[in-house]
Amino acid sequence: RGTRFFAGPIDDVFAVFCARGLVEVTRPGARWRVRLGPGDGIDIPSLYGAVPEPPVRQWGAPRIARAFALVQ
């Protein structure tokens, strides 16, 4: 409750960004798991079967604004 995040296509990749709270990114049956905290984002090159591209990084304000504009 209270978690705010984005998950979807942006900049030619599938990306996940955590604005508030904690988000765990995983895939059923996968051997990887990534935890995102406030301001953290990660890119996944392909939605099906790909692993996240390291590293988890802080997103800049322009990309955050573009991401949330896609879902508002």
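Colleague: Before I dig in, what should I know about the model and the numbering?

Modeller: Residues are numbered from 1 along each chain as its sequence is written. The model is predicted, so local features need pLDDT of at least 70 and side-chain atom pairs count only at pLDDT 80 or more, while totals for chains, interfaces and linings use all residues, and side-chain values use heavy atoms, with hydrogens and water left out.

Colleague: OK, charges then. How many salt bridges are there?

Modeller: The count is six, where a salt bridge is a side-chain nitrogen of Lys or Arg within 4 Å of a carboxyl oxygen of Asp or Glu. In general, side chains of opposite charge can pair when their charged atoms come close.

Colleague: Which residue does Asp 11 meet in a salt bridge?

Modeller: Arg 66, at 2.6 Å from N to O. Asp 11 sits in the loop between strand E1 (4–10) and strand E2 (13–20), and Arg 66 is in helix H1 (residues 61–69), so the pair ties together parts 55 residues apart in sequence. Helices (H or I, at least four residues) and strands (E, at least two) are DSSP runs, numbered from the N terminus.

Colleague: And is Arg 66 buried, partly exposed or exposed?

Modeller: Arg 66 is partly exposed, with a relative accessible area of 38%. Asp 11 is partly exposed too, at 43%. For the cut-offs, buried means under 20% relative accessible area, exposed over 50%, and partly exposed in between (1.4 Å probe, protein chains only).

Colleague: What about Arg 57, which residue does that one meet?

Modeller: Arg 57 and Asp 43 form a salt bridge, 2.8 Å from N to O. Arg 57 belongs to strand E6 (residues 53–58) and Asp 43 to strand E5 (residues 40–44), so this pair links distant parts of the chain, 14 residues apart. Asp 43 is buried at 10% relative accessibility, whereas Arg 57 is partly exposed at 34%.

Colleague: Which residues are linked in a network of salt bridges?

Modeller: Asp 11, Asp 43, Arg 57, Arg 63 and Arg 66 are linked that way. Another salt bridge joins Glu 24 and Arg 33, at 3.1 Å from N to O. Glu 24 is partly exposed at 35%, and Arg 33 is exposed at 56%.

Colleague: New topic, Cys 18. Where is it found?

Modeller: In strand E2. Cys 18 is buried, with 0% relative accessibility.

Colleague: What does Cys 18 touch?

Modeller: Leaving out residues up to four places away in sequence, Cys 18 touches Arg 4, Phe 5, Val 23, Leu 36, Gly 37, Pro 38, Gly 39 and Asp 40. Contact means heavy atoms within 4.5 Å. As for Ile 42, its C-alpha is 9.3 Å from that of Cys 18, and the two residues are 24 apart in sequence.
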